[in-house]
Amino acid sequence: MFPLEYINISIRRSSLKTSQLVTRQITQCRTMARLCVCLLALAMLASVKAATREYFIAAQDILWNYVPGGGQFKDRDGETFAETWTKSSADRIGPVYRKAAYFQYTDASFSEEIPKHPQLGLLGPLIRAEVGDMIVINFFNNATGNFSIHPHAVFYQKMNEGVLDSYGARKDVDVDLPLVAFNWDENLSWYIDENIQRYCGDPARCVQLQQSADPAFVDSNRRRSLNGLQFSTMFGLQACAGSRVVFYNIGFGNEVDVHGIHFHGQDMKYQHTRGDTVSVYSATFVAAETTPQVPGDWLVTDVTENNERAGLSAIFSVFDCDAAGYKKSETYGIVRRYFLTVEETTWNYAPSGKDLRTGQDLTGPSASASYMESDKGHSFYQYESPNYQAPSQSQYPGPSQIQLTYTKARFFQYTNGAFKYRVASPEHLGLVGPVLKAEVGDTLVVSLKNTIPFPVSFLPHGLRYDSSEEFIAGTSYPGGIVGQGEVHNYTFYVPTDLLDGSYLPCRNFLYSSTYDIAKDQNAGLVGVLLVCRKGYFSSKEYKPKEIFLLLSIIDESNSLYTKPNTSVPDLKAAINGYIFGNLPQLDVCTNENVIWYVMSVGSALDVHTLTFDGNTFDENGNNRDARYLTPGATAALSMNPDNPGRWMLYSHSNLARENGMFAFYNVKTCKSSYTSKDQSGYGKTRDYFVAADELLWDYAPLPRSIVTGEDLFNPNTEGHIFVRHDPYFIGKVHKKAVYREYTDDSFKLIKPGENRDILGPVMVAEVGDTIRVTFKNNARIPFSIHVHGLKTSQKDSGVNYGDATAVAPGQVYQYVWQVPERSGPGRNDPNCIPWVYYSSIDPLKDTNSGLLGGLVVCRKGILDSYSRRKDVDRELFTLFTVMNENDSWYLEENIKMFAPARIGTNYQNDPRFVESNKKHTINGRIYGNNQNLIMIYNQKVAWNVLGLGTEIDLHTVHFHGHTYVQRSIDHKDDVVQIFPGMAEVVEFIADDPGTWLFHCHVLDHIAAGMETFYTVFKPAAAQDSKAY
């Protein structure tokens, strides 16, 4: 829960004490989705003439049951797995907690409550309005704590005028249903102490467990739910077949709130695409529309491993309503049959036994193995509570533990139902099941034979099927379960509109066994479904090369073949089941068209940005070299590689990459003739003189939070841990290395320019230009400059493999980078797009030491003679990253200088010390200590947002006060998602003067200081400022 001071600032008024009443007016409605801070209410806007819509809302204390009705929840083996969350006991609180919630009333007397739909669960009332309306909120705080209402932007769709009727309901849809996926962490509730005393069978025992941060007790109070309801107990999630239904999917919460909401059997339209799985994270809002076709009970689950098992599920009931007059219009043509088996096999994650980047032995004392046994700062630490412990990196086994060979289960394809002759799959698929191909409108029949001693199933994403194939606990549905020795025939239908919005002829989807989704997928039961447009397979048109990549951190301690009583995680950061570069046969020709079909499954650790060194790809008209993936997500990336050599592809999460989630692809000059689109070298040559300088960096120059006003040196503030300075803690000042720009190659005079805190100089270019960077390493450690997106020789790439070399201390090296068309804006991009650069000799240590910056490439003619953009008035750059000083090259030196009592101690095992060194930064500053985030009223602003880090560096960046346009995806919002290795630009008109909050919306990150202000000056005030 946010601190109260934060809530005050976020809505720019004081929070309300108990029994106070306030009227809040919103005179300008924005065009997106909104969620409040402490308690949950929803708002949606449409587009029409103005009206005044008045609401009377109160916050009230309640007793909330996450599992109403109780009951026995059985898993597939009949075990009562849900008792951790459904039963009260001597050492558990149980399903009932005291909470606060929003309620709607008829008028200002707050005496007559308006009943809300039971499907809303714990959510507050649905607030509706149309663009141009005035919303008047009369808020009565009748709870025992200090609370408020803070709106976000609202759901926006291009609707007709008059979309709301006189009662405020939508006229253009039959049903609209909000769904909030959230790990409600009752350990962090204002009411946790009261709940322990009220509901624990032995309160003293529960207090002891709370104070010791007992993992089982802590987890029992984390309620994975939809709308605050667990284990499919939501009532009223229903519609008629043929009706028009909109689900408002909302994510909220912390680092672990990475959700892939899977609507089984439904064909959803969302974010300019179609599918059945919607990814949401903290402060993510996605409206998904569907017309349910098949009556029955359909699961709504979370494909992120273990969330469904822990209760995040619901049942969507579709009825055959006579009144709907619905008749199924689609007919299905070609029947495509596949014969699959599930078989036991032995799998080796690294057949060479080596890290193929370094050549070192994986089972010996190599750099790779030593990383896996060290404590490298992976953490889901909850900053609001000092009792939480950061998990150890020993989840990744060290040299004495590492194992490469395991018993797995795999899908295999056969020629017919005799299951005698196996169909070979491309070698690069590895552990991934065979690619099943179909066209829109087809019928897909899959005969599955199970040969292993565990029940399995077969469930493809994106297709329609009969609801009898659904396994729903506690019902008589067979669920398409296949026992050992059995054969089951599944029939699926490919929707005719499944490729709507796709610019490529084919799209990839996942299929897997979901009998026990975590164990089945960790065992290896995942494959690929490729759906193409009608007639594609028989057409004579050129077919691009197809490569399929599945990124997943596989937990061998939670597999079908895990030995009983195994408790230590055994994680493998794999691509197609291979680690440390062992994935074979990724060979492509220069300039040939290659489609990379990429996807991910797994847990909350599986936050990946698949990154391609050396070349870029086109996705929906956007030129990029990195694509984010979370569990259940898929993407099709079109590449025409123009840069010969052996290049790495990898997850940009430091955690995953350093533990082996990388492979190599070879770009070769082939005899085949492919046309080159390279037009670089015809523009300007732009010179930069950049040095890596060592300095002392202050994360918080003012010893207070600029946002809340709190004294960070006060031990009672939650930010104190990050600035604590005594013989045992380093504090807020650390020695670091940073990029700085100089005037010439003498490196004597730093070039004057805008202060962007820790960021290196912003380099700019237009398509066709050449960039020359003369780099001097003034530090005492070998470093480099590795840039994303541009065309470089491997020697000038700054990477840590192949011909690239580090620049030694005191040495100077000149990088030459080309800016071809594929490095600039794509056809759907804005005029300029950003890229990141950083030192990549040891990407983990180099970036955490401070060496990072940004680069912008524009269309031809956008830059003026001073290299400034002509199409905008103001350009800003912010980098969001958890800068982990535990992984800095300067850790030992910082300990000697600032925490001498730690010398010679086992400080790596002190979670408070480790946590104190994780700085949740915006441009290297915490708690609002940034500079120059300023602009003048009515300026057109281009704001570049960059990200680097680990799997916890999924940042949902929230702009208070303004709604931006993200032209690359044709989207308006006030929250932009940034993953490690990504860079995006948003644009807006600074039309609302004032000082506005700007922060990551992940709750843990806010509490740790990843928040600041930006200011829009009125013209007169701007003249007196020294902004720029």
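## Disulfides in a predicted model

With -95 degrees about the S-S bond, the disulfide between Cys-589 and Cys-670 is left-handed. The model that shows this link is predicted. The sulfur atoms of Cys-589 and Cys-670 lie 1.9 Å apart. Cys-589 belongs to strand E30 (residues 587-589), while Cys-670 sits in the loop between strand E38 (662-668) and strand E39 (685-698), so the bond ties together parts that are 81 residues apart in sequence. Cys-589 is buried at 13% relative accessibility, whereas Cys-670 is partly exposed at 28%.

The structure contains five disulfides in total. Counting bonded cysteines along the chain, their pattern is 1-2, 3-4, 5-6, 7-8, 9-10.

| Disulfide | S to S distance |
|---|---|
| Cys-200 and Cys-206 | 2.1 Å |
| Cys-506 and Cys-532 | 2.0 Å |
| Cys-589 and Cys-670 | 1.9 Å |

The link of Cys-506 and Cys-532 has a torsion of about 105 degrees about its S-S bond, so this disulfide is right-handed. Cys-506 lies in strand E26 (residues 506-512) and Cys-532 in strand E27 (residues 526-532); the pair links distant parts of the chain, 26 residues apart. Cys-506 has a relative accessible area of 0% and is buried. Cys-532 is also buried, at 0%.

The disulfide of Cys-200 and Cys-206 is left-handed, with -95 degrees about the S-S bond. Cys-200 has a relative accessible area of 5%, so this residue counts as buried, the cut-off being under 20%. Cys-206 is buried at 0% relative accessibility.

One further cysteine, Cys-1000, is buried as well, with 0% relative accessibility.

Methods:
Residues numbered from 1 in each chain as written. Predicted model: local features only at pLDDT ≥ 70, side-chain atom pairs only at ≥ 80, totals over all residues. Heavy atoms only, no water. Disulfide = S-S within 2.5 Å. Buried < 20%, exposed > 50% of the residue type's maximum accessible area, 1.4 Å probe, protein only. Helix = DSSP H or I, 4+ residues; strand = E, 2+ residues; numbered from the N terminus.
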